[in-house]
Amino acid sequence: MTSQGQLWKMLPDAPGVYFFVASTPPGAKKDVSTSTASEILYIGRATSLRDRVRSYFNDDVIQSRGPLIVDMVFHAEKIDFVRTDSVLEAILLEANLIKQHQPRYNTKEKSDKSFNSIVITSEAFPRVLIMRNKDIEIEARAKVGGKKIEIASVFGPYSNGTALREGLKIIRKIFPFRDRCVPCVVDTTSANTADKRISTGRPCFNRQIGLCPGICTGEISSIEYKKSIARLKLFLEGKKGQLMKQLEQDMSALAKAQRFEEANEVKRMMFALNHIQDVGLIREQDESPRPEHGGPKGPEAMFRIEAYDVAHMSGKNTVGVMTVLEDRQLRRSEYRMFKIKRTVIGEDGVKRSGLMGTSADADDIASLREILSRRLTHTEWTFPNLIVVDGSTAQKRAAEKVLREGGFDIAVVGVVKNDKHRPERILAAPQHQKLAKKWTKEILLLNSEAHRFAIKYHRKVRGRLQ
């Protein structure tokens, strides 16, 4: 162990990225951004730099971290760090620096092809997607919706899929982007046939909640949209300082040209970038031992399941609920209740009454669609790894469609009941069958809990209205 063990006391109690560094060759610059891969032994991120680095010098380090990390600490001669304004920025910076420097002790981050990356496509209206590394590495192309797309930029990989999805939702509120929707107008300058289709001009789900800039409705040109994507790239590259300087110049130029509405929009972006809210983005990686260092392994590490159910009496007083299981424990404090709005639209496009309907108006599928759509707007809630719905293929497909329209890649299973309302089987897509089998006990438990909670809430609502 080196004498550097006390250096953690000099680190700030703030988020950022830390570096265990070997000796610097003569004449080499000490700035981390110009260091070579052989100098930086390990790169990590933290919610608190001080607390995270201190943990490497605890007496139980070999049990909690493993011999590889003990060897790294032994050879390190100094600890550098970059403080960030938020955990989200620390996540992005860590991934960029690991890719740049390829530290010898960041073995998992360099080799695990199951990790996710952020991909920006090469189109007149580029899409921003989350994709697995193994799918990207086949070639600089990928399949989305059965069609091949050209990839322009890749950011990552990011080891925590939940953190990545939550982080991208935060970013998307600042820089709205396209993921699945089709541009409203033909772009004759594009060589990509995907951009030559014409949509109906109706707003997609993300446009309705402000996460798409209106590509599907023709509200933004390709030039303006690509300008926004360029800003997004700077942020993903960890160049927030450069981005802020550019935005300040843009705002000044717009104000000078008396384009005050656009100047105010840029001002809003700057404010949002300076007030990014962290929504528990660093979880198992920075608050407990990493799996390769002795912590929970595989899907058990912070695996979250959400189950949904609908309850009504002959179509009246329709309500829905969400129940949560995380780390194999019920999280009752995170259960949520939904009153179905007066009018819902079913899969057949027919409007039906929700709260005050009749037996003929009952439409569990439409209610499920509404519940999931409303849930997905809550970016402050941790997103699940698996969603459980009560019902057959129709309910499962409805949930999958809502997730697909929202740009979410979350597994969905359906619990089919018999005539006595007892679980008969679990429906899962082929790629999710192993997952469903592994978590069968938890799926059935949470499905039962959702049914109990929905009935309880429905009785409460019905009692208020009587």
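A: What follows describes the sheet, then the helices on it, the aromatic rings around it and the core beyond. The model is predicted.

The open sheet has 3 strands in the order 2-1-3, with antiparallel pairing. Strand 2 (40-46) and strand 3 (78-83) are the edge strands; each has a single partner strand, so one side of each is left without a neighbour in the sheet. From one strand to the next, the twist averages 20°. Strand 1 (residues 16-21) is joined to strand 3 by 6 bridges in the antiparallel sense. Within this pairing, Phe-19 has Asp-80 of strand 3 as its bridge partner.

Helix 4 lies across strand 1, strand 2 and strand 3 and runs at about 165° to strand 2.

The aromatic residues come next. The structure holds 10 aromatic pairs. One of them joins Tyr-18 and Phe-20 edge-to-face, at 6.2 Å centre to centre and 85° between the planes. Tyr-18 is buried, with a relative accessible area of 0%, and Phe-20 is buried at 1%. Phe-20 also pairs with Phe-57: the ring centres are 6.4 Å apart and the planes are at 40°, so this pair is tilted. It links distant parts of the chain, since Phe-20 is in strand 1 and Phe-57 is in the loop between helix 1 (49-54) and helix 2 (61-65), 37 residues apart. Ring pairs link Tyr-18, Phe-20, Tyr-42, Tyr-56 and Phe-57 into a cluster.

Asn-96 is in helix 4 and, at 17% relative accessibility, counts as buried because the limit for burial is under 20%. A polar atom of the Asn-96 side chain lies 2.7 Å from the backbone oxygen of Leu-236. Not counting residues up to four places away in sequence, Asn-96 touches Phe-155, Leu-236, Glu-237 and Gly-238.

The largest nonpolar core has 43 residues, and Ile-171, Phe-175, Phe-235 and Leu-273 have the most contacts inside it. Among the elements that give two or more residues to this core are helix 4 (87-101), helix 7 (161-174) and helix 9 (222-236). Leaving aside neighbours within four places in sequence, Ile-171 is in contact with Leu-88, Leu-92, Leu-232, Phe-235 and Leu-236. A second, separate core of 23 residues includes Ala-307, Val-319, Leu-386 and Val-388.

Notes. Residues numbered from 1 in each chain as written. Predicted model: local features only at pLDDT ≥ 70, side-chain atom pairs only at ≥ 80, totals over all residues. Heavy atoms only, no water. Core = buried A, V, L, I, M, F, W, Y, C linked by side-chain atoms within 4.5 Å. Buried < 20%, exposed > 50% of the residue type's maximum accessible area, 1.4 Å probe, protein only. Helix = DSSP H or I, 4+ residues; strand = E, 2+ residues; numbered from the N terminus. Contact = heavy atoms within 4.5 Å. Pairing = 2+ DSSP bridges. Axes fitted to C-alpha atoms, helices over the stretch in contact; angles between N-to-C directions. Polar contact = N/O pair within 3.5 Å; in protein donor to acceptor, adjacent residues only side chain to side chain. Phe/Tyr/Trp six-rings, centres within 6.5 Å; stacked < 30°, edge-to-face > 60°.
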